[in-house]
Amino acid sequence: MSEQTRRVGPECLGFRARLLSRVITAIYDDALAEVGLKVSQFSVLNAIANREETRPAELAKFLAMDESTLSRNVARMCTRGWLRLEPGEGDRRSHQIAVTEKGMTLLRKSYPAWQKAQNQVAHQLGADGVTALKSVVRKLRN
C-alpha cells in the first residue's frame with residue numbers, strides 16, 4: 001500500500017460525504033419503515049406535493065438526481081398508486097407528475113416518523129453540526 005492509498009480514506013471528501021449520506025439515510029429509512037416508505041420516496045413525494053407544477057427535468061434538478069433514476073422511482077411510485085403522470089400543456093411529450101390522494105394520505109401518515117428521524121439526526125449532530133451541514137449544502141449548490 002502506498003502513502004497515497006493510505007491518505008484517501010481519512011482525507012477523501014467524497015468518501016466522507018457518501019458515508020454521511022448512508023448513515024443519515026439509514027436513520028430516516030428505519031423511522032419511515034413503519035409506514036412503508038424509504039427516505040428517497042418520502043423526499044420525492046414531499047417535493048412534488050410542495051410544487052405547483054412538477055416536470056421531471058425540473059424535479060431531478062431540484063432533488064439533484066439523475067433524470068433516469070428519478071424516472072424509475074416515479075414509475076414505481078405510479079405503480080403503487082402514490083403518483084400519477086398528467087399530460088403537460090403544449091408539447092405532447094411533456095408531462096407533469098402529481099401526488100395522488102393515496103400518496104397524500106401516505107405522506108401525511110409519514111410526517112411523525114420523519115419528525116422522529118429529523119429529531120434524532122439533529123440531536124446527534126448538535127446545533128453546530130446542523131448549521132454546518134446546511135451551510136455546506138448551500139455552498140455546494142450555488
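**Nonpolar and aromatic side chains**

Reply: Phe15, Leu19 and Val23 make a nonpolar surface patch of about 240 Å². The model is predicted, so local features need pLDDT of at least 70 and side-chain atom pairs count only at pLDDT 80 or more, while totals for chains, interfaces and linings use all residues. Residues are numbered from 1 along each chain as its sequence is written, and side-chain values use heavy atoms, with hydrogens and water left out.

A patch takes residues with over 30% relative accessible area and no salt bridge; like charges are joined within 9 Å, and nonpolar side chains (Val, Leu, Ile, Met, Phe, Trp, Tyr) within 5 Å. A salt bridge is a side-chain nitrogen of Lys or Arg within 4 Å of a carboxyl oxygen of Asp or Glu. Areas come from the Shrake-Rupley method with a 1.4 Å probe; for residues, only the protein chains shown count as cover.

Leu19 lies in helix H2, residues 13-32. Helices (H or I, at least four residues) and strands (E, at least two) are DSSP runs, numbered from the N terminus. Leu19 is partly exposed, at 33% relative accessible area. Buried means under 20%, exposed over 50%, and partly exposed in between.

Now the rings. Rings of Phe, Tyr and Trp (its six-membered ring) pair if their centres lie within 6.5 Å; planes under 30 degrees apart are stacked, over 60 edge-to-face, the rest tilted. That rule gives 2 aromatic pairs. Phe42 and Tyr111 are edge-to-face, 5.7 Å centre to centre, with 85° between the planes. Phe42 is in helix H3 (residues 39-49) and Tyr111 in helix H6 (residues 101-141), so this pair ties together parts 69 residues apart in sequence. Phe42 is buried, at 5%. Tyr111 is partly exposed, at 33%.

Phe42 also pairs with Trp114, and this pair is stacked: 6.2 Å centre to centre, 15° between the planes. Trp114 lies in H6 and Phe42 in H3, so parts 72 residues apart in sequence are tied together. Trp114 is partly exposed, at 25%. Ring pairs link Phe42, Tyr111 and Trp114 into a cluster.

Last, the core. A nonpolar core is a set of buried Ala, Val, Leu, Ile, Met, Phe, Trp, Tyr and Cys residues joined through side-chain atoms within 4.5 Å. The largest has 27 residues; among those with the most contacts inside it are Leu32, Val44 and Leu83. H2, H3, helix H4 (56-63), helix H5 (67-79), strand E2 (95-99) and H6 each give it two or more residues. H3 gives the most, with 6.

Note on methods: Buried < 20%, exposed > 50% of the residue type's maximum accessible area, 1.4 Å probe, protein only.
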